[in-house]
Amino acid sequence: MTEPLEKRLEKAMAELQAAQEAVARTERELRQASFAVLSSDRAVRATVGPQGELTGIEFLENKYRDMSHQELSASVLEAANAARLKMNKHVMKAMAPFAEPSSDVPELKGFELDWERVFGPEVLRDDDEDTARDVEAAPGWRDALGEDGED
């Protein structure tokens, strides 16, 4: 027996309301997000904001003094690009549930986003392929002690 139209419409409206609230919460969270990443040589820490914009650059332990300008610029670009990629992946993961089909309302099929087209092909690579060091991956005390957590 099929469900009455009014009941299906009521379910769809409730799901729409819940989705709108979830989108609003996600947008608020994303507006506050930032990611910081260390370059692989640990000379630079780059921070990006919610739209992938560069919000901070730190030159660590005066390592830049012994670097050529090419080495320093490569470290800055590596850290900034890795932080931006991390933000892109965070946005992709946060928004993915809104593209999925509805389990309660079969008429709401969801939609497919071409994340590669939006953010570039790097966003679809696995995290273990990232070359720069994620600042969040190592506890702050390890940096303070000059340890990187590797044996």
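**Exercise 1. Is Phe119 buried, partly exposed or exposed?**

Solution. Start with the ground rules. The model is predicted, so local features need pLDDT of at least 70, side-chain atom pairs count only at pLDDT 80 or more, and totals for chains, interfaces and linings use all residues. Residues are numbered from 1 along each chain as its sequence is written, and side-chain values use heavy atoms, without hydrogens and water.

Next, take the cut-offs. Buried means under 20% relative accessible area, exposed over 50%, and partly exposed in between (1.4 Å probe, protein chains only). Phe119 has a relative accessible area of 23%. Phe119 is therefore partly exposed.

**Exercise 2. Classify the ring pair of Trp115 and Phe119**.

Solution. Recall the rule first. Rings of Phe, Tyr and Trp (its six-membered ring) pair if their centres lie within 6.5 Å; planes under 30 degrees apart are stacked, over 60 edge-to-face, and the rest tilted. By this rule there are two aromatic pairs.

Look at the rings of Phe59 and Tyr64. Their centres are 5.7 Å apart and their planes stand at 55°, so this pair is tilted. Phe59, at 41% relative accessibility, is partly exposed. Tyr64 is partly exposed too, at 30%.

Now turn to Trp115 and Phe119. Their ring centres are 5.9 Å apart, with planes at 5°, so the pair is stacked. Both sit in helix H3 (residues 115-119), four residues apart, which means about one helical turn separates them. Trp115 is buried, at 16% relative accessibility.

**Exercise 3. In what order do the elements of the protein chain run?**

Solution. Helices (H or I, at least four residues) and strands (E, at least two) are DSSP runs, numbered from the N terminus. The protein chain has four helices and four strands. From the N terminus on, the order is α-β-β-β-α-α-β-α.

Finish with burial. Of the 151 residues in the protein chain, 29% are buried.
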